[in-house]
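Trainee: I would like to go through this model by question and answer, starting with the whole chain and ending with single residues.
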Amino acid sequence: MRLALVARISIHTIAAAQLTLILVLAITSFAQAAPTRLTHYLPGLVAGDLIEGADGFGNLRQDPPVVPVMKGGEVVGHAYVTTDVVGTIGYSGKPMDVLVALNNEGTIVSGRLMEHHEPIVLIGIPERKIADYIAGYVGFNPLRTDAEGGSRPVVDIVSGATVTVLVIGDSLMRSAARVATRLSNAVAVVPESPKRKIDPAAGDRLGWQELLGNGAVRRLQITIGDVNEAFRKGGDPKAIARPEDGAPEEGFIDLYVALVSHPAIGRSLLGDAGFERLQARLSEGQSAVLVMGDGRYSFKGSGYVRGGIFDRIELVQGMETVRFRDRNHERIGDLVPDDAPDFKEIAWLAVPDEVTFTASERWTLRLLVLRATGALSKAFTSFDLDYTLPETYTRPVAPQPAAPTQLAPTPTAPPQAASGLLADLEDTPLWQRIWQSKTVSIGILVAMLLVLTAIFFFQDMLVKHEKLFNRVRLGFLIVTLFWLGWVAQAQLSVVNVLTFASALRGDFQWSYFLMDPLIFILWFSVAAALIFWGRGPFCGWLCPFGALQELANRLARLARVPQIKIPWAVHERLWPVKYIIFLVLFGVSLSSLAFAERLAEIEPFKTAIILRFMRDWWFVLFAVALIGAGLFVERFFCRYLCPLGAALAIPGRLRMFDWLKRYRECGNPCMRCYNECPVGAIHPEGHINPNECISCLHCQVLYHHDHKCPVVIQRRLKRERRAATASPSMASPRSADAGGPRVREGEAPSTLTATS
């Protein structure tokens, strides 16, 4: 017996050591330089598809990562991937790789979306629309002046994928500007160096009307008639057929903007305390704009809550497009000037450090107006509010001579740093910027994990108090569903497992998996939990869809919906279904990861959690059907269909400890835990199947319950009998006549029975 126990501990120790070694090797690989995305795609590229007539590629060069495109031994252009040059992050939090080819003049001649993980595009928007959007940038040359046709192209936004295409367009222009500039022999002269610069000491504190009068605050009034006319000119019949309600002269939005990072303007609008608080949030030289809005249309919208990106406003200057994120803004209650209007929305937004922005030069705040044309489709139009900082707040600077721009014609030309608007910046790694932008969400998730860890480590104390434990579990599930799922959208999926396995077999880059901090932290916590408890902590506590099923079932029980008890013989034969599903998905992913991701739609996670049921009707019907089945059979999907649960159950066998306590009477004769287990993870003979257990701890509540567990009831009755015997005067005559204490109503009898 002892030898068997020692052997078992040794096996678990070795397995845990192996898992720990894998984690250590994985973490230490952070320090290794990851290959560029271009090297990943280069073997499958055809030069002629990028630049007409090209017949091959030259030697790959770095800084920036580009490859010369050759024709007859001569360089006719260069190709690169946008994510190697600038950030291309959308709602998914993962990079979108766009392959771009420039000719020797620095003009974009082709572009192709190579890889993305945008759920909005994957659910039904044809990638052809994204391809058409990218094609709209062909012919754009960032090295030309506006007079030469170098202004930013006007491309129609793809309905239903606003943020996705805006980020793609931004990355196309910024990356083209940086690559073309770095490949040129001389400093780019477009646009000209600023003639004026910010003078922090200039200007006085003024009232609202004075700021409006001198141009420090600019205004854009849009009426309902303006919006309807703009959509009419856009030509979308569906958008035209859904005009805004109201009179044409009725206000749609009254929008104001000011450069609030200038001390005189900032103190005038925010006051001394508000301006100092703003300065504390800004780095040296960083700019911020104050946006104020009133009317029926919100310039902020609600999309930033979901994806962290403001999709209704953007700042445009030259070739740069500034898209604001939630971390770059702060809501303001009221303005300081007494004569300032009352606005519905006021917020300052900081221009990110990685963007080249000259506050003393003209810039534009662009407002995007959305109009729903269907359940999942939208049409868009835009209005521009131009802003130029008044000369009162600036001072002149001496003009700087500029050399002509000429793109390097040979692949051996050394890269040189450039200055001006198109200067290449040493960006912070993309994944680090994303983590910095989600510090609040990361803090909440870490707090949830610490609470859950405490629940498991001190479970023996907690489960003794049934009401308290039920309230704690209910509260945790609510937070998991509403915040972790519907707000933060941190729903793990079997797709993550397939992607990780595919990356291990190919071009593995940790930076890719670090792009979504919440998902990464969750997976790291799952890996740690597998050592201690198996898959239960995630499946039973941290899975938003699992929480949705359990909460829905609780409501069903309150509504007296009958619960179906699946016969054990059928139940144990349905267990393997989810393992079969996972093995099929894994096998398909070995040959086609994209096809496996589509098959993974058997998980309703994307429909119910990520997209919150805003999807095609057949996806919604499937998800609702699974939730409906869970009203009668608790956690129906978790029990029989979930491939992610199956994927976690396999390594979950490595756990080192058995935390769930059992009595030798469990299953013989008592079967209460077997009957009440919410997922049927307890065998009739009392054994707990760790592959199916979700660690809900309900059996542990029963284990300590002195009115439900027959073993504990017997112990309590014996204690009461001894107490009554020791103090006869305290025992009631009726109890003495009955020969002992009575069993309370609804309580299990003192003798163990097979039906308890």
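This is a predicted model: local features need pLDDT of at least 70, side-chain atom pairs count only at pLDDT 80 or more; totals for chains, interfaces and linings use all residues.

Mentor: Residues are numbered from 1 along each chain as its sequence is written, and side-chain values use heavy atoms, with hydrogens and water left out.

Trainee: What percentage of the residues of the chain count as buried?
Mentor: Buried means under 20% relative accessible area, exposed over 50%, and partly exposed in between, with a 1.4 Å probe and protein chains only. The chain has 756 residues. The buried share is 51%.

Trainee: How many helices and strands does the chain have?
Mentor: Both are DSSP runs numbered from the N terminus: helices are H or I with at least four residues, strands E with at least two. By that count the chain has 31 helices and 16 strands.

Trainee: At what angle do α18 and α27 pack?
Mentor: Two packed helices are described by the angle between their axes and the distance between the axes. Axes are lines fitted to C-alpha atoms, for helices over the stretch in contact, and angles run from 0 to 180 degrees between N-to-C directions. Helix α18 covers residues 517–532 and helix α27 residues 643–652, and their axes are 9 Å apart. The angle is about 45°.

Trainee: Which word describes the orientation of α18 and α27 to each other?
Mentor: Angles under 35 degrees count as roughly parallel, over 145 as roughly antiparallel, 65 to 115 as roughly perpendicular and the rest as oblique. The packing angle of α18 and α27 is about 45°. The two helices are therefore oblique.

Trainee: How do the residues of the contact of α18 with α27 divide by class?
Mentor: Contact means heavy atoms within 4.5 Å. Trp523, Val526 and Leu530 in α18 meet Leu644, Leu648, Pro651 and Gly652 in α27. Ala, Val, Leu, Ile, Met, Phe, Trp, Tyr, Cys and Pro count as nonpolar, Asp, Glu, Lys and Arg as charged, and the others, Gly among them, as polar. The division is 6 nonpolar, 1 polar and no charged.

Trainee: How far apart are the axes of α20 and α25?
Mentor: Helix α20 spans residues 544–558 and helix α25 residues 617–632. They pack at an angle of about 50°, and are therefore oblique to each other. The distance between their axes is 8 Å.

Trainee: Which residues of α25 does α20 meet?
Mentor: On the α20 side the contact has Phe545, Leu548, Ala552, Asn553 and Ala556. Its partners in α25 are Ile627, Gly630 and Leu631.

Trainee: What distance separates the C-alpha atoms of Gln563 and Leu631?
Mentor: Gln563 lies in the loop between α20 and α21. Leaving out residues up to four places away in sequence, Gln563 touches Leu631 and also Asn553, Arg557, Phe632 and Glu634. Gln563 and Leu631 are 68 residues apart along the chain, and their C-alpha separation is 7.6 Å.

Trainee: Is Asn689 buried or exposed?
Mentor: Asn689 is found in the loop between α28 and α29. Beyond its neighbours within four places in sequence, Asn689 is in contact with Trp575, Ala681 and His683. Its relative accessibility is 12%, so Asn689 counts as buried.
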